[in-house]
Amino acid sequence: MADVAAKRELSSAETEAASRETKRAKADDKNGEEGGDEPEWENVLSTFTSSRVLSDSAREKIMFLHGKIAADDAVVILEKTPIREDSLAELFRGSKLRLEMRNDIYSSYRLQAPPHLNEIKTTVVCPATEKHVKKYQRQESFLVEETGEDYRAVTLPYIQEQSLSLQWVYNILEKKAEADRIVYDDPDPELGFVLLPDLKWDQKQVDDLYLIAIARQKDIKSLRDLSSEHLPLLQNIFQKGKEAVLQRYKLPASKLRVYLHYQPSYYHLHVHFTKLGYDAPGCGVERAHLLSDVIQNLQTDPQFYRTRTLYFPLRADDGLLGRFKEAERL
């Protein structure tokens, strides 16, 4: 299940919590820029030795590396951060330019920016399992057609066999971890949710805004579990989530893309809030389902997602793909 084409699922609570808590500095309460006391600088990569490039993208300016930190396997993700409009004056004033080519009115330069304006967002997963390595490795994908019966006979048993830990999710809901990153919290046990930045967003600009709303109900694994009885929950997330984004980041609903993934990268109901125009990983039609459409579909048919045929991409090494092949459904 893709991340830029890869699954976001992590197989251990400790790894997920650690990678989240070391990712980035806090955002201020207005526009997502850094504020307050910043964490101390550290170099956890001083002993990292790279063994191979798992995948990379020149267009997205990101690279996934596999190697070791001391004796532990590790995955390191390096991503160039976007240029911020509010730093342009300092960028132009403090940079050095080296001419590469001039022809009539056209000139090409190599710009060397001040170090603090040339940061690389870095994610470290350590110790990393084989599942983490495969997650970020470039692989061929296949589009799967899943009927309601396929879900019950093939997908659901596979999910139940995996027994993937969701403790990191519960830590967020119970404010045992990442409490300082929460943008909005509705404590209602049935309708409530927690809204916080996704790991893919460095919170330094709203152009690539990416937030996740995690439902407090613990018995909803995915889109397939939803019925009309969940409409109050979905409507609450949709309405209050948009209001929270408007208040904190000054982005109106007309500038937001609000959706669910199927298949999701972890099996606890969560909703994605991204800025319209940002080509977020997994926002394509083969995986993303607009929350507004989900609500309307359930209003029309209370069992819509329990009976409908759904399509989604799976990577070549995904165990679920193997199950569909075994069932002769692919």
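This passage describes two helices, H4 and H9, and what packs around them. The model is predicted, so local features are given at pLDDT of at least 70 and side-chain atom pairs at pLDDT 80 or more, while totals for chains, interfaces and linings use all residues. Residues are numbered from 1 along each chain, and side-chain values use heavy atoms, without hydrogens and water.

Helices (H or I, at least four residues) and strands (E, at least two) are DSSP runs, numbered from the N terminus. H4 has 15 residues. Its first and last C-alpha lie 20 Å apart, close to the expected 21 Å; that expectation is 1.5 Å times one less than the number of residues. H4 is kinked by about 35° at Thr 155, shortly before Pro 157. This bend is the angle between axes fitted to the seven residues ending there and the seven starting there.

Buried residues (under 20% relative accessible area, 1.4 Å probe, protein chains only) of H4 include Tyr 151, Val 154, Leu 156 and Ile 159. Their cover includes S7, helix H8 (304–307) and H9, with contact meaning heavy atoms within 4.5 Å.

H9 spans residues 319–326. Its buried residues are Leu 320, Leu 321 and Phe 324. They lie on the same side of H9, because their arc around the axis is only 105°, taken from the directions from the helix axis to the C-beta atoms. These residues pack against strand S7 (141–146), H4 (148–162) and strand S14 (310–315). At the start of H9, a side-chain oxygen of Asp 318 comes within 2.8 Å of the backbone nitrogen of Leu 320. Glu 328 follows H9, with a positive phi near 55°.

Terms used. Buried means under 20% relative accessible area, exposed over 50%, partly exposed in between (1.4 Å probe, protein chains only). A polar contact is a pair of N or O atoms within 3.5 Å; within protein, one must be able to donate a hydrogen and the other to accept it, and residues adjacent in sequence count only if both atoms are side-chain atoms.
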